[in-house]
Amino acid sequence: MDKMMDNPWFLRITALLLAFLLFFSVKADSNNTANTTDTATMTEVIEDVPIETYYDNTSLIVSGVPETADVTIIGPASAVQTARQIKDFTIFVDLRDLPVGQHQVPVQTENLSEQLRVRIDPAVVDVSIEERVTEEFRIDPEINERLLRDGFVLESLTAEPNTVAVTGPKSVIDAISFVKATVTGEEDLHEPFTAEAGVRILANDLTKLENVTIEPETVKMEVAIAEYSKEVPVTVRRTGEANNGITINSLKSSNETVRIFGPKTAVDPIDEYLVEVDIGAITAEDTTVESELKAPAGATKVTPGKLNVEANITVDESVRVPNDALSPNTP
């Protein structure tokens, strides 16, 4: 026996057998580990997975389906990890065979491994299926007039285009009471301007209606702003003394009215514009007097800036002194 153990070939063969034994032992452990990994159960929650909705979107409108859901998958680790990383599965609600009305429908999955168990949160959703309706509405343009400079007013406000097409569920379209486009801007507005304004769809209580599409969503607004003004009648008053031989029968203004501009508090109390005419400036040869118009207290201007007053006169030649007779050389 000792001789055999001393034989080098015996030692070589023994070493080879031990090597084979060690190799197969390691391989078996590796396989056992792999099998354990493959068969271990794993749970994974995939959040915010988009929900697809299948329905006839040409004639119907659906509400109530959430945008996303959380999906819990349970199964072999390899299958769970694949689903989590690739995310090539779909969750959906199928409404294609349902009539118009209210329904509870399950959220379903497709393209997930059969090895996996699935839980969806929410698992069931309440949906409303309604007829799709499109109607045209006239826009009500508006602006906050507190943005205007003091003494200025809104002359006109127009939207281009002045109507929009609104598409949505019939119940929402029937609830529309106002379609508004509101101009926004900084304070101290005092000149005409153009701006873009978004269109809002409102119910009778002025709450904004959702789940509608608006075409177009924005409109061009033309804002005309002008200084506040008021038109008042002209009253002519005589001052001074008429020349000898000339009788003033009447005075008539070339303008029956003038327009006064300025803050409302200053302009509104004015009921007439008084023009004073010095009748001493009226002669037989020149019966027209030009008057320059000044703004009343608190107002900013008057238009027109000037007017003429025409005198109707009677001339008594027996007492009238001709103009050329008033020269310095007259004795």
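Mentor: Happy to! Of the contacts (heavy atoms within 4.5 Å) between residues at least 6 apart in sequence, 72% join residues at least 24 apart. This is a predicted model, where local features need pLDDT of at least 70 and side-chain atom pairs count only at pLDDT 80 or more, while totals for chains, interfaces and linings use all residues. Residues are numbered from 1 along each chain as its sequence is written, and side-chain values use heavy atoms, leaving out hydrogens and water.

Now to your charged pairs. A salt bridge here is a side-chain nitrogen of Lys or Arg within 4 Å of a carboxyl oxygen of Asp or Glu, and the count comes to 11. One of them joins R84 to E44, at 3.4 Å from N to O. R84 lies in helix α3 (residues 77-86) and E44 in strand β1 (residues 41-54), so this pair ties together parts 40 residues apart in sequence. (Helices, H or I of at least four residues, and strands, E of at least two, are DSSP runs numbered from the N terminus.) E44 is buried at 18% relative accessible area, whereas R84 is partly exposed at 28%; buried means under 20%, exposed over 50%, and partly exposed in between, with a 1.4 Å probe and protein chains only.

R237 and E276 also meet at 3.4 Å, N to O. R237 sits in strand β16 (residues 229-239) and E276 in strand β19 (residues 273-278), so the linked parts are 39 residues apart in sequence. Both partners are partly exposed, R237 at 43% and E276 at 48%.

D268 pairs with K264, their closest N and O atoms being 3.1 Å apart. Finally, salt bridges with shared partners join D140, E142, K180 and R200 into one network.
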